[in-house]
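Hi,

Here is the structure I promised to pass on.

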Amino acid sequence: METQGARTDRLGLLLAQFDQAREMAQVRLTGLGDEEYLWEPVAGCWSVRRRGEATTPLAYGPGEWVLDKGAPDIPASEYAEVARQAADGMSVSRIADDWSVGVERVEQVLAHTGTPEPDEVPVTTIAWRLGHLHSCMAGQWEWTFGARREEPELLVDFSPSAGPALMRFWALTDRWRESVAALTDEQLDTVGLSQYPYGPDPGEPFVGVLAGANLEFIHHMAEIAVLRDLHRARFAGPG
């Protein structure tokens, strides 16, 4: 049974999905403190660190604090996605740009046979997950609704404190939601409405970009929720 007044058009459904995910995320993030925000459950985590103290080669940010980032690669878990992109007609060079790797690496992945080796995916802190999501959303807003000229990796002043980080992040989600809600059907179908340079956005209709942005928000917030559960239970006994 349809809820009275509920929108069932494409944009309405995507906005409703985002709104529900945001509401759930805000509830799950209530009470987040600095110790938990920066908690490293294992050695070698990616996190937010002082400039000069980062342990990753491509850590980025405009200020004193930077977000860990390693050398780009295509993880084995994404080989099927690369194959799908190629099957859909995307050129090898375009796939390479999409994943920020060389053409040779894409060719290696497309030629890969057998079972991939397990990925060496870094474990990340809540600070990293929130900072990564903030950075991606800020970049997509700038390159869709903004001036389309600012380097995405310089848009977010990362913080070692949970309070300021969350305040800035929720302000950005408000701006993103307001901008998205004003889109027309024609804009939803426009290929390249988003020119965000770190991904496939320039070659996709914006409705697909928007669906992907919702998934990005949902899966990172789910990961943050799991980290909160693990932090709470770390000293709890069995049973």
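**The cavities**

The largest cavity has a lining of 13 residues, and Y37, H134, F158, S159 and A165 are the ones nearest its centre. A cavity here is a set of points on a 1 Å grid over the protein atoms alone where a 1.4 Å probe fits but cannot get out, and lining residues have an atom within 4 Å of a point.

Before the rest, some housekeeping. This is a predicted model, in which local features need pLDDT of at least 70 and side-chain atom pairs count only at pLDDT 80 or more, while totals for chains, interfaces and linings use all residues. Residues are numbered from 1 along each chain as its sequence is written, and side-chain values use heavy atoms, with hydrogens and water left out.

Back to the holes: there are 3 cavities of 30 Å³ or more. The largest holds about 90 Å³ of space, where a volume is the space filled by probe spheres set on the grid points, joined across faces, edges and corners. Helices α6 and α7 each supply at least two residues of its lining, and the largest share, 4 residues, comes from α6. (Helices are DSSP runs of H or I with at least four residues, strands are runs of E with at least two, and both are numbered from the N terminus.) By class, the lining of the largest cavity has 8 nonpolar, 3 polar and 2 charged residues. Nonpolar covers Ala, Val, Leu, Ile, Met, Phe, Trp, Tyr, Cys and Pro; charged covers Asp, Glu, Lys and Arg; the others, Gly among them, are polar.

The second largest cavity has a volume of about 70 Å³. Its lining is L133, C136, M137, Q140, W176, A213, E216 and F217, and α6 gives the most, with 4 residues.

**The core**

W176 and F217 turn up again in the largest nonpolar core: it has 44 residues, and W176, F217 and M221 have the most contacts inside it. A nonpolar core is a set of buried Ala, Val, Leu, Ile, Met, Phe, Trp, Tyr and Cys residues joined through side-chain atoms within 4.5 Å; buried means under 20% relative accessible area, with a 1.4 Å probe and protein chains only. α1, β2 (65–67), α6, α7 and α9 each supply at least two residues of this core, and α9 has the largest share, 9 residues.

What does F217 touch, leaving out residues up to four places away in sequence? Its partners are F18, A21, R22, A25, L133, M137, F169, W170 and T173, with contact meaning heavy atoms within 4.5 Å. There is also a second, separate core of 10 residues, including A76, I95, V106 and V109.

**Helix α7**

The 20 residues of α7 (residues 162–181) should span 28 Å at 1.5 Å a residue, and the end C-alpha atoms are 28 Å apart, which agrees. The expected span is 1.5 Å times one less than the number of residues. Among the buried residues of α7 are A165, F169, W170, T173 and W176. The buried residues of this helix pack against α1 (10–29), α2 (34–37), α6 (126–142) and α9 (206–233).

**One pocket**

The second largest pocket (an open set with protein on both sides within 12 Å along at least five of seven lines) holds about 180 Å³ of space. F217 and M221 are among its lining residues, α9 gives the most, with 6 residues, and the classes are 10 nonpolar, no polar and 1 charged.

Cheers

Note on methods:
Buried means under 20% relative accessible area, exposed over 50%, partly exposed in between (1.4 Å probe, protein chains only).
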